[in-house]
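Please read the points below with the structure open beside you, and look up each residue as it comes up.

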Amino acid sequence: MVGVKRRVDTGDDRNGKRTKTKTTAVSTKKSSGSSSRGKSGPVKGKGSSKSGKKDKKIVKKKVEEEEEEEEEDDDDDFDIDDVQDSEIESGDDDDNDVDMDELDADEDEEEGADTKSQQAKTADVAKNVNASRESHAKQKALLQERKAAKPNADMIARSKKLWERLRRKSHVPLEERKKLIAELFEIITGRVKDFVFKHDSVRVIQTALKYANTEQRKQIAQELKGSYKELAQSRYAKFLIGKLIVHGDAEIRDTIIPEFYGHVKRLIRHPEIVDSGRHLPDSRDTGTESEPATGMILEENPAKRSTIMHFLLELVNQLIQKKTSGFTILHDAMLQYFLNTKPGSSEASEFIELIKGDEEGDLVKNLAFTKSGARLMALALAYSNAKDRKQLTRFYRDTIKMMAGDLHGHIVLLAAYEVIDDTKLTSKLIFPELLNQGSDAEARGEELLYQTTDLTARIPILYPFVGDKAKWLLPDSDHEILKEIREIRKETSKKEPSIRRQELIKAASPTLLEFIAARADALLETSFGCQFINEVLFDADGDKSAALAAVAVAAKSKADADSPSVGRTLKSLVQGGRFNSAEKKVEKVEPALDFHGVLYEQIQDDVMSWATGPNVFVVVALAESDDFEKKGELLKALKKGKKALEKASAAGKDGKKAGPAGSGAKLLLEKIR
């Protein structure tokens, strides 16, 4: 009958006997027993009687088990028709009631146990938190006691409070800062050595040094005299040496540097001295230019030349292998070694191989950013063959722009311009990064505007156009190195310098002409921008019409601008070339710029404003130009404004010095008479 539960037989129904379920195990034993007997065969002796007794027991046990199974089968012959419906329903209800009561009781017990365990855990956590707080409080109190027991504890605590105020520069007025510095020096005077070797109090000395006057800085330097070697090896005090050298004067530097004499070879390998050692200047940086020390020693001891050179090379090689290639003193030693080798000798060749041997290129890059290192790299490029030059310059990928803006690094780029015959290699290596050719037009314009108006960064951009013509572009030290390089390249380079220069100009011109056309107005705002416009437009290769038109449009609003650089630029462009001061004439460029016609179209309506303004010499250049097609029209306009010119020329009378407007007006009056 579907849905009716079958009553489970109880122990009474089975006469108190348990149901046998593992009947398969018996059959297994039976089969295994029979098989074992079959295999073993008849056994003789004492063992045969024992095995017989066992067999009888096994047979008897099997018979009993079979009888029990038959009884269980009889009991299990259950017919649902023999059971009344009322018995089924009552039996089911009883069973269900018992089961639910037991289930509820079990659930209540489990919930109670969970609640108790949760409460116990919460209590344990609270105890642990309280214990942790008490422990931290005890540790803090112990730490304060230990600090208070140290020497100068009160002084250091007071100075740190002052330092907390001083380090927030923007929040401290000048007068208050002076009072704080005076109070701080009252604390640290005579105790500087006690402060500098601790990680927290050394910051107090650094701040005091930053805001101190010259006398106070000398006072700190004198108190530390005799301890600088130890300071350089300290994890925290080493930075103080750099601060003293940067903020101090020559007297302070002369106090510090001699303490390292005789200890450089050992200290240069010290892990902590690397940072402080980078600040130590060489003799040329301190303004005490002298003859190369190594060369003087070799001249005095010619018999020891091989020993000295071998020792110097070994020391250089050790530092390079240890990856400590950023030291100025290492770069000085390398330059001294190279200067004392014979060009083309095995010593010189092996040394260039040593420079090239740094696969990561850290040595070559670091050399470019120091005075001695940059000179060494320039000479190495000059003396190397084409293959070595190519390998050396490849190390500078992704470093070109940084070198261009560096006081020393740019000379390496100029040396590459001067000596590398493969101008395609030079152009592909330098110009994409230097001229930002991989950027979009707007970003390239912004970056080039910054570079062309920077005193140093503009040098590598303008040098191919200017060359050695303009002395204003390069510092004197660059002229000396480039002069030396030009002498060397006579033996090591094959291409004519003029051809090399023209090929470089051709590669750079499109980008720079496009830049002038887009940013002419911004370039005319600065004197450096005006110089850039002149030099590029004079020597660039390609179509200059868009750039010239942009300059003329930008100049339209500059009639009354009191900017001498704008006037000079426009005048030079109208004249069509650079003025040679030695020969007192203008050297016109080919092909001709014809800027006078482009400019006159923009200013013809305001020509009298230009003729009587600060940039009058632009109009004078137009009036003096033989190639200007509208010269007659200009002179007619000037004749109509003759009274204005006379008024402008009279500004310099009565003992007053005539300005540019008065002088130019006089010249224009002479032209129209």
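1. Glutamate 418 counts as buried because its relative accessibility is 8%, where buried means under 20% relative accessible area, exposed means over 50% and partly exposed lies in between, computed with a 1.4 Å probe and with protein chains only. Its partner in a salt bridge is arginine 486, and the closest N and O atoms of the two are 3.4 Å apart; a salt bridge here is a side-chain nitrogen of Lys or Arg within 4 Å of a carboxyl oxygen of Asp or Glu. Because arginine 486 lies in helix 26 and glutamate 418 in helix 22 (residues 410–419), the pair ties together parts that are 68 residues apart in sequence. Helices (H or I, at least four residues) and strands (E, at least two) are DSSP runs that are numbered from the N terminus.

2. Please keep in mind that this is a predicted model, in which local features need pLDDT of at least 70 and side-chain atom pairs count only at pLDDT 80 or more, while totals for chains, interfaces and linings use all residues. Residues are numbered from 1 along each chain as its sequence is written, and side-chain values use heavy atoms, with hydrogens and water left out.

3. How many salt bridges does the structure hold? There are 22 of them, and, in general, side chains of opposite charge can pair when their charged atoms come close. Glutamate 484 forms one with arginine 375, with 3.6 Å between the closest N and O atoms. Since glutamate 484 lies in helix 26 (residues 476–492) and arginine 375 in helix 19 (residues 371–383), this pair ties together parts 109 residues apart in sequence. Glutamate 484 counts as partly exposed at 28% relative accessibility, and arginine 375 is partly exposed as well, with a relative accessible area of 27%.

4. Arginine 305 and glutamate 347 form a further salt bridge, their closest N and O atoms being 3.4 Å apart. This pair links distant parts of the chain, with arginine 305 in helix 15 (residues 305–321) and glutamate 347 in helix 17 (residues 346–356), 42 residues apart. Arginine 305 is partly exposed at a relative accessible area of 28%, and glutamate 347 is partly exposed at 24%.

5. Helix 19 deserves a careful look, because 10 of its 13 residues are buried, so that it is largely enclosed by the rest of the structure. Among the buried residues are Ser372, Gly373, Met377 and Leu381, and the cover over the buried residues of helix 19 includes helix 16 (328–339), helix 17, helix 18, helix 20, helix 22 and helix 26.

6. Valine 364, in helix 18 (residues 362–367), is buried, with a relative accessible area of 0%. Leaving aside residues up to four places away in sequence, valine 364 touches Ile355, Met377, Leu392, Phe395 and Tyr396, where contact means heavy atoms within 4.5 Å. Valine 364 and serine 325 are 39 residues apart in sequence, and their C-alpha atoms are 8.8 Å apart in space.

7. A polar atom of its side chain lies 3.1 Å from the backbone oxygen of lysine 390, and, not counting residues up to four places away in sequence, threonine 393 touches Leu381, Ile420 and Leu429.

8. The protein chain has 36 helices and 2 strands. Strand 1 (residues 577–580) and strand 2 (residues 585–588) run antiparallel and are joined by 4 bridges, two strands being paired if DSSP finds at least two bridges between them. Asparagine 580 stands opposite lysine 585 in strand 2. The hairpin of these strands has 4 residues between them, and there lysine 584 takes a positive phi near 55°.

9. For the chain as a whole, buried residues make up 38% of the 673 residues. Of the contacts with a separation of 6 or more, 69% are between residues 24 or more positions apart.

Key. Polar contact = N/O pair within 3.5 Å; in protein donor to acceptor, adjacent residues only side chain to side chain.
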